[in-house]
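Please have the model open as you read.

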Amino acid sequence: MRKLQNKTVFITGGLSGIGRACAIAAATEGANIAIAYRKSGVSDKAMKEIKKKIPKAVFIECDVSVFAKAQKAIETVVAKFGTLDVALNNAGILGESNKIGDMTEEEWHKVIDINLNGVFNCMKPELAQMEKQKKGVIVNMSSIFGKVGFIGSSHYVAAKHGVIGLTKSAALEYAVEGIRINAICPGFIETPMLAKAGISNHEDAKKHIIGLHPMKRFGRPEEVASAFIFLACNDSSFISGTALEIDGGFLAE
Ligand SMILES: NC(=O)c1ccc[n+]([C@@H]2O[C@H](COP(=O)([O-])OP(=O)(O)OC[C@H]3O[C@@H](n4cnc5c(N)ncnc54)[C@H](O)[C@@H]3O)[C@@H](O)[C@H]2O)c1
């Protein structure tokens, strides 16, 4: 028996990087997959590739920073599959790197709107559906920067700390409803996000960042996906309110 056989799994930002790896892993475990994607963030090539890997996946255009769109996306999933068993609130951006004094209000709000408000916008309708079902699992994508600070990324760090707070409070509020809610805290994972930030494709930056991880390498999206599958399925049936680190030892130092 596969770990997510016939379960409905909703993933935001599932066309690239970590979200994509989680979608493929969940499909391999037997799940029905619904992917929410932002139109401006998708290439035809990425869409074609994922359709080839998960032929039965459903794709829903949704900017998670807009509550009405997140609500509509969940309605679409339930209309299509009848249930929402697992939600991975993964969509996120890094934002421009700047000290607080040089950060514009616009840049601050952009990152908070997607990385923190976007998680709330999805959780609210997800929880409403899971409450009706009296079961469900939510996994929120935080980061090592949900636990420690990082120079030049106060917006990202604040949002990812917020995601952990939101996860813990929701876990308490919905524990008796049979809904488990956890967060994942990856270290630096080799995805398009790191390339866009000039980290994985510039030798000096790459060497510096890899050096921050005791395992002396970036993580792979598939390694985060393994943790997602664990939290999504019954293997973690007594785990709720945790923020699991997948970081090659980064936070142990
Ligand atoms: N790569 C890392 O090192 C790392 C480490 C820790 C946490 N994370 C987190 O993991 C998540 C996935 O990141 P990734 O590394 O796979 O990067 P990525 O850029 O490959 O994926 C992010 C996805 O989110 C989507 N997205 C962005 N804004 C959106 C919006 N408003 N609505 C809907 N979708 C939107 C993008 O289109 C993209 O598909 C993010 O939340 C990120 O903060 C990444």
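1. Strands are DSSP runs of E with at least two residues, helices runs of H or I with at least four, both numbered from the N terminus. A34 has V58 of strand 3 as its bridge partner.

2. A word on the basis: this is a predicted model, in which local features need pLDDT of at least 70, side-chain atom pairs count only at pLDDT 80 or more, and totals for chains, interfaces and linings use all residues. Residues are numbered from 1 along each chain as its sequence is written.

3. Now the whole sheet: the sheet is open, with seven strands in the order 3-2-1-4-5-6-7 and parallel pairing. Strand 3 (58-61) and strand 7 (243-246) are its edge strands, each pairing on one side only.

4. The ligand is surrounded by 30 residues, with G13, G17, G41, G92 and M193 the closest; a residue counts as near if its C-beta atom, placed from the backbone, lies within 6 Å. Helix 1 (17-28), strand 2 (32-37) and helix 7 (192-196) each supply at least two residues of this shell.

5. Finally, helix 4 (residues 105-115) and helix 6 (residues 154-174) pack at about 25°, with axes 9 Å apart. Axes are lines fitted to C-alpha atoms over the stretch in contact, and angles run from 0 to 180 degrees between N-to-C directions. Helix 4 and helix 6 are therefore roughly parallel, a term for angles under 35 degrees.

Notes
Parallel < 35°, antiparallel > 145°, perpendicular 65-115°, else oblique. Pairing = 2+ DSSP bridges.
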